[in-house]
Amino acid sequence: MSVSLHRPGHDRVPRAPGPSGFRELAGFFATGVAVISTRDDAGHYYGLTMNAVTSLSLEPPLYLICLDRRSNTLGHMLRSRVFGLSFLRADQGAISDLFAGKGDDKFEGVDFSLGHDGVPLIDGALARMVCAIEQTHPGGDHTIVVGRVRDCDVAGGSPLIFYRGRYLRDGGA
């Protein structure tokens with residue numbers, strides 16, 4: 001199902017989109033790109049690319065992320081009770097692509113360092129933080145995870161921006 005957007009001068013028929021239409025609709029909101037990471041007790045690292053990330057509270061400092069309930073990373077995160085957020089730079093699209101795919105060791109060949117509680121964080125990212133899970137909530141086919149920021153660092157730079165299914169480069173898709 002494709003999304004029908006209202007354009008001035010055209011008739012509008014409101015309707016709720018199906019899953020593919022909803023994905024297309026959500027794509028009209030430009031977002032930054034983050035790698036979410038965690039670890040297990042055996043020292044293995046897990047991660048995925050995500051743009052369902054938002055700051056939630058200043059006091060206490062909270063971030064909210066939303067993961068598909070079928071995510072392998074989610075299970076490890078819920079057991080470890082910690083996760084990392086690495087906000088990617090404009091030149092880190094290859095890292096985003098790597099973590100968006102399936103694979104056992106996504107960290108192989110990627111420069112990273114360990115933050116608080118041994119959580120892997122992507123080196124060179126705009127900003128990085130480790131969060132302790134405070135709450136989880138069901139959210140349709142996803143789990144909403146609220147984490148309290150325990151440790152962070154900021155490098156700055158230009159962000160990797162995702163819009164309508166691709167990265168923006170030089171102000172255009």
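User: How far is the sulfur of Cys 131 from the closest cysteine sulfur?

Analyst: The gap is 9.1 Å, to the sulfur of Cys 152, and that is too far for a bond. This is a predicted model, where local features need pLDDT of at least 70, side-chain atom pairs count only at pLDDT 80 or more, and totals for chains, interfaces and linings use all residues. Residues are numbered from 1 along each chain as its sequence is written, and side-chain values use heavy atoms, with hydrogens and water left out.

User: Is Cys 131 buried or exposed? And Cys 152?

Analyst: Cys 131 is buried at 0% relative accessibility, while Cys 152 is exposed at 52%. Buried is under 20% relative accessible area and exposed over 50%, with partly exposed in between (1.4 Å probe, protein chains only).

User: Switching topic: which residues have the most contacts inside the largest nonpolar core?

Analyst: That core has 16 residues, and the ones with the most contacts inside it are Ile 36, Ile 65, Leu 67, Met 77, Phe 83, Leu 85 and Val 145. A nonpolar core here is a set of buried Ala, Val, Leu, Ile, Met, Phe, Trp, Tyr and Cys residues joined through side-chain atoms within 4.5 Å. There's also a second, separate core of 10 residues, including Phe 99 and Ile 122.

User: What does Leu 67 touch?

Analyst: Skipping residues up to four places away in sequence, Leu 67 touches Leu 48, Met 50, Leu 74, Met 77, His 142, Thr 143 and Val 145. Touching, or contact, means heavy atoms within 4.5 Å.

How values were computed. A disulfide is a pair of cysteine sulfur atoms within 2.5 Å.
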